[in-house]
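Let's take a walk through a protein model together. Keep the picture open beside you as you read, and look up each residue when it comes along.

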Amino acid sequence: MVYQLSAGMLDACVLSVLEKNDTYGYVLTQNIKEVIDISESSLYPVLRRLQNEKCLLTYDQPFGGRNRRYYKITELGIDRLKYLRDGWDDYKQCIDKVIY
Amino acid sequence: MTKDSYLKELRDNLYQIPQEEVNNIIQYYAEYFDEAGADNVQNVIRDLGSPKQLADKVTADYFGGNMPEVELKSKKHINVWLIVAAVLGAPLWIPLVLAALIVALALVIVMFALVVSFGAIVLACAIGGVVMSFASFAVMFSDAATGILLLGIGLVCLSITILMVFATIGIVILIKKLYALIFKKNRNVEG
């Protein structure tokens, strides 16, 4: 990819996936990786930070003898996602004006 | 490298982070390995990077730019040049360290001496004051003037006693505070 993913964008990607469905770390990573080439090591810090900021919460669900930690978007997370989407639209428009 | 040895090394390298958070981190990546499946362990390791690299990344994010210590080259390997410098500089720093230790010892002795001498004064004045006061009563009836004098001296001694008791308590508190200051400072340095 020509351009780098900035921190806010990764937040938006994560929150957007969670908006559709609760999911766990592995699936979340695979979903995002399908579209954007991120490194696996990038995701945990984003999840931890969003959790600290109360944009998402976690719950555990046992699966086949082990545990899966699910992530779920919160009300605050939905607001944050909207804010990030608006920001992206603005950003897109500004850049488009310059480079086209 | 196996999943378990990877996770162990990762945990070791997360030494700067509080235990509770470390447990969360390890749980996340252990789960990641499990979901990827036993066949994919090497792929996951390749994608995650070495345990040290991953730990550095997670640690840097955790502290958000306010790292508690400057990134060490490697905690386990000792720098050879450091040893060479230490040996060559020994004639300089050994006497300096000794001098510093002796000064510290002298300070301790002084403080101890202060407490002891204050205590001695308290004791002397207390005993003197009581004895004087009683003696004054004995003389009072034969020689009133002397009796009053002795009583006066005795009471003065007793009041000095009280003052010195407060002074001694003050010195002890001061010493305790200095002690705490010195050892609190040391703890900060060790981080």
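## Where the two chains meet

Start with one pair of side chains: Asp61(B) and Arg48(A) come together in a salt bridge, with 3.0 Å from N to O. Bear in mind that what you're looking at is a predicted model.

Helix 3 of chain A gives the most, with eight residues. Sort the residues on this side of chain A by kind and you get seven nonpolar, seven polar and seven charged.

Now zoom out to the whole contact. On one side, 21 residues of chain A take part, and they're in contact with 18 residues of chain B. Together the two chains bury about 1800 Å² between them, and 48% of that is on carbon and sulfur atoms. Which residues of chain A lose the most area to chain B? Look for Tyr26(A), Glu40(A) and Tyr44(A), which together make up 37% of what the chain A side buries.

## The sheet in chain A

Next, find the strands of chain A. Three of them form an open sheet in the order 1-3-2, and the pairing is antiparallel. Strand 1 (23-24) and strand 2 (56-63) are the edge strands, each pairing on one side only.

Strand 2 and strand 3 (residues 66-73) of chain A pair over eight bridges in the antiparallel sense. You can check a couple by eye: Asp60(A) has Arg69(A) as its bridge partner, and Phe63(A) has Arg66(A). These two strands of chain A form a hairpin with two residues between them, and Gly64(A) in the turn has a positive phi of about 50°. On the other pairing, strand 1 and strand 3 of chain A are joined antiparallel over two bridges. Here Thr23(A) stands opposite Tyr71(A) in strand 3.

## Helices of chain A

Helix 1 (residues 7-20) of chain A lies across strand 1, strand 2 and strand 3 of that chain. Its direction is at about 100° to strand 3 of chain A.

Helix 4 (residues 75-99) of chain A is worth a stop too. Asp89(A) and Lys92(A) meet there in a side-chain salt bridge, at 4.0 Å from N to O. How far apart are they along the helix? Asp89(A) and Lys92(A) are three residues apart in helix 4, so about one helical turn separates them. Over all chains, the structure holds 16 salt bridges.

Technical notes
Residues numbered from 1 in each chain as written. Chains lettered and ligands numbered in written order. Predicted model: local features only at pLDDT ≥ 70, side-chain atom pairs only at ≥ 80, totals over all residues. Heavy atoms only, no water. Pairing = 2+ DSSP bridges. Helix = DSSP H or I, 4+ residues; strand = E, 2+ residues; numbered from the N terminus. Contact = heavy atoms within 4.5 Å. Axes fitted to C-alpha atoms, helices over the stretch in contact; angles between N-to-C directions. Buried area = accessible area lost by both parts, 1.4 Å probe. Nonpolar A, V, L, I, M, F, W, Y, C, P; charged D, E, K, R; others polar.
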